[in-house]
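Please open the structure in your viewer and keep the selection panel at hand. The tour below goes from one selection to the next and says what is found at each stop.

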Amino acid sequence: MKIVLVGINSKYIHPNLAIRYLMVNSDFLVDIKEFTIKDTINNIYNNIIKENPNVIGLSVYIWNVEIINKLLLMLKKHPNIKIILGGPEVSYEYDDYLYNKLTDYIIFNEGEVAFNMLLHSIADNKSLDHIPNLAYIKNNELIRNTFEENSNLDSLKNPYHLDYEDYVNKIQYIELSRGCPYHCSYCLASLEKKVRYFDINKVYENIEFLYSKGAKTFKFLDRTFNLKPKTAIELFKFIIEKDFHNAIFQFEISGDILNDEIINYLTKNCPENLIRFEIGIQSIHDKVNKAVLRNQNTKKLFSNIKRLQDSNVILHLDLIAGLPYETLDLFEQTFNSTFNLYAKELQLGTLKLLKGTKLYYQRNEFGYKYDLSAPYEIYSNDYLDSDSMNTIKTVEESLELFWNKGFMNNSIKLIIQNYDSPFKFFFNLGKYYLDKYKSFHRYQLVDVFLSLEAFINNNDFVYDIRYDYLARHNIKPKIYWENSINKNDIIRLFHKNNPDYNLDKLYKYSLVSKYYGGYIIALYYPDKKEFHKIKA
């Protein structure tokens, strides 16, 4: 029996961990085929069919469901091939896939045990009644078998030791736990019943193995990594004390339950560019959070974030636009309070009505209008009309380009202090940029800096912006401003006060530009760069 598992990933760097778990926990020989959403549907189809499979398993997510829907129609030409669907996009509201005969089986929720049992039943033509988490059609009736979660995650075989992997160029997804203790009504993780843990020593072994193969980016899939503070700090200590040079580890953290021990340890011991926290804020308003069953101590959350900023932990904060009761004015308050924390990254996302979540079933109660195709983003609700949503979209795109890219954050921090509302600043800046360049995408870096200078129209910040531009480059850039100065005189003056510098190299590698009351000398050596400020 020829079995092929298919992952259609959002990008090459994002491997599909789920199909790897299914493969290594199967008693049958299973092949994996991976593609990205940029592959053509014909290329995906042809590469699968040429394997002459008897069984095809497809892993369905929000980013690939529309592609898979088209692929399933093409696969109907092969009625002898058994189709199995799994993944979050088909774990809820999946009846039409079965009734329309687009698939033979759906495995909802966790699939390692169910997938292996199903393959045995297919191979031996046996009953399906005993297989957990399985849906199928029998005698024209849709059957849903018992829902089960694996209570012993250590019984699963390890999917990480696969020799053919491109470890260097892909993100390595790691699990310390499965499940979420919270019940946020917009999130699929809220539907999982219990938090379960892997043996932490096995997690250590996996990290060391992957790192030995050249892996550099590790992302933990745990929904609340710090749920057990003792376990969390044990792993932080392991990462820091083992000194995984040039690697970065990413964690989803519940910020308001971070304890003093973790914060103090990371403040004292975490080196630069090793640990990145993703922390959800979503809204600062109690009524909004209560409406989506989100239990959050915002005061404690903000306090902990400020304390973490004394450490080297990289902070990525999340907001969701479109939650119940949050009007444009209230969302602006949420945005401003959160932006003023000055985290390295602030992700502003539009609410997606995910099938299976409580909020999906409450959509009419709050007047949601939304895209019926993935990713199911909302257009409006009873509290935000379409114009308000468009305003937020402009802020989202502007924030991504002018802040999250990290091009000019030092300048933005200085400039934005002269504005009452960061939200209005990013909206007006984004609107100005769109009027001039028509799109936030396919930008030229020079245009980004030029547009900021033109938008603020304030000479008080011009040199800060240009300093950020010079600092952004590792080799001597072409500057976009008029720069009529006598470079040689300035270099000789610098050399007179700094005779240890080689004069010929100063001439060769330097770029000199005006700065407040003097000049900035940027030195772009082949292996490093330096910046020196001198008075006129």
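Which residues have the most contacts inside the largest nonpolar core? Bear in mind that this is a predicted model, and begin by selecting Phe236, Phe251, Phe277, Phe335 and Phe426, which are the residues with the most contacts inside that core of 168 residues. In general, nonpolar side chains tend to be buried together in soluble globular proteins.

Keep Phe251 selected and show what surrounds it: leaving aside its neighbours within four places in sequence, Phe251 is in contact with Phe220, Phe225, Leu235, Phe236, Ile239, Ile275, Arg276, Phe277 and Glu278. A second, separate core can be selected next; this one has 10 residues, including Phe494, Val512, Ile521 and Leu523.

From there, turn to the sheet and select residues 510-515 for β18, 518-524 for β19 and 529-535 for β20. These three strands form an open sheet in the order β18-β19-β20, and their pairing is antiparallel. Because β18 and β20 stand at the edges with a single partner strand each, one side of each is left without a neighbour in the sheet. From one strand to the next, the twist averages 20°. Looking at the pairing of β18 with β19, you will find six bridges in the antiparallel sense, and Lys514 stands opposite Tyr519 in β19.

To see where the two helices meet, display Phe425, Asn428, Leu429, Tyr432, Tyr433 and Tyr437 in α15 together with Asp447, Val448, Ser451, Leu452, Ala454 and Phe455 in α16.

For the last stop, select residues 112-124, which are helix α5, and pick out Ser121 within the helix. Is Ser121 buried or exposed? Its relative accessibility is 4%, and therefore Ser121 counts as buried. Not counting residues up to four places away in sequence, Ser121 touches Lys126, Ser127, Leu128, His130 and Ile131, and these can be displayed beside Ser121 to complete the view.

Note on methods. Residues numbered from 1 in each chain as written. Predicted model: local features only at pLDDT ≥ 70, side-chain atom pairs only at ≥ 80, totals over all residues. Heavy atoms only, no water. Pairing = 2+ DSSP bridges. Helix = DSSP H or I, 4+ residues; strand = E, 2+ residues; numbered from the N terminus. Axes fitted to C-alpha atoms, helices over the stretch in contact; angles between N-to-C directions. Core = buried A, V, L, I, M, F, W, Y, C linked by side-chain atoms within 4.5 Å. Buried < 20%, exposed > 50% of the residue type's maximum accessible area, 1.4 Å probe, protein only. Contact = heavy atoms within 4.5 Å.
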